Amino acid sequence: MNELTSRLENGRMLLIAGLREHYTMETAGRIPALWERLVPYLGNIPGQLLGVTYGVVSHPRNGAGGFDYVAGVEVSEVGDLPAGFVTETIPAQAYLVYPHRQHVSKLRETMDAIRREWIAVPGHQPEYGLDVIERYEWEGFMTGFGDIEVWVPVSGRIST
């Protein structure tokens with residue numbers, strides 16, 4: 001794996017529309033199938049902002065084990081979404097942004113490295129119950145290579 005590097009960035013509020021499933025570490029290998037279900041809708045989702053797709057990873061607030069994963073796109077508003085779609089509103093906040101420079105199939109290695117090297121440190125817990133956001137520029141999403149980043153929310157905003 002490439003050396004783990006990051007940058008601090010203020011993220012703006014995002015409204016993500018997509019498909020949600022619940023996974024465990026044992027079933028996480030099924031996430032690509034969720035993306036396959038999303039692909040036919042891309043470019044046809046009301047209010048879709050083109051160019052970027054998102055994977056939103058969060059632990060359920062009800063204390064259930066595992067994690068929820070939303071494969072989606074940014075939308076300008078909640079409109080008449082396709083059946084089965086959900087929305088996630090992600091607040092404006094600061095992030096540590098980790099580029100992923102390998103094929104998307106190796107993303108779990110980057111996530112594991114982030115957990116070991118940052119999240120595991122006491123006091124470095126994600127905010128808002130949100131674990132990470134995977135951000136795929138269109139080229140990276142379609143080919144599996146390209147501008148793929150993992151955004152880890154951190155407390156506060158960055159002074160500029």
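**Strand β8**

I am working with a predicted model. I started with strand β8, residues 148-154. Is it buried or exposed? Seven of its seven residues are buried, so the rest of the structure largely encloses this strand. I then checked each face of β8. Ile148, Val150, Val152 and Val154 are buried on one side. Glu149, Trp151 and Pro153 are buried on the other.

Next I looked up a neighbouring strand. Strand β6, residues 93-100, runs antiparallel to β8, and seven bridges join the two. I noted one partner: Val97 is bridged to Trp151 in β8.

**Aromatic pairs**

How many aromatic pairs does the structure hold? I found five. One of them is Trp35 with Tyr69, an edge-to-face pair. Their centres are 6.3 Å apart, with 75° between the planes. Trp35 belongs to helix α1 (residues 31-38) and Tyr69 to strand β4 (residues 67-75). The pair thus links distant parts of the chain, 34 residues apart. Both Trp35 and Tyr69 are buried.

I turned to Tyr41 and Phe85, which also form an edge-to-face pair. I noted 5.0 Å centre to centre and 75° between the planes. Tyr41 sits in the loop between α1 and β3, and Phe85 in the loop between β4 and β5, so this pair ties together parts 44 residues apart in sequence. Tyr41 is partly exposed, at 32% relative accessible area. Phe85 has 12% relative accessibility and counts as buried, because the cut-off for buried is under 20%.

Last entry: Trp35 and Tyr69 form one aromatic cluster with Tyr136.

Technical notes:
Residues numbered from 1 in each chain as written. Predicted model: local features only at pLDDT ≥ 70, side-chain atom pairs only at ≥ 80, totals over all residues. Heavy atoms only, no water. Buried < 20%, exposed > 50% of the residue type's maximum accessible area, 1.4 Å probe, protein only. Helix = DSSP H or I, 4+ residues; strand = E, 2+ residues; numbered from the N terminus. Pairing = 2+ DSSP bridges. Phe/Tyr/Trp six-rings, centres within 6.5 Å; stacked < 30°, edge-to-face > 60°.
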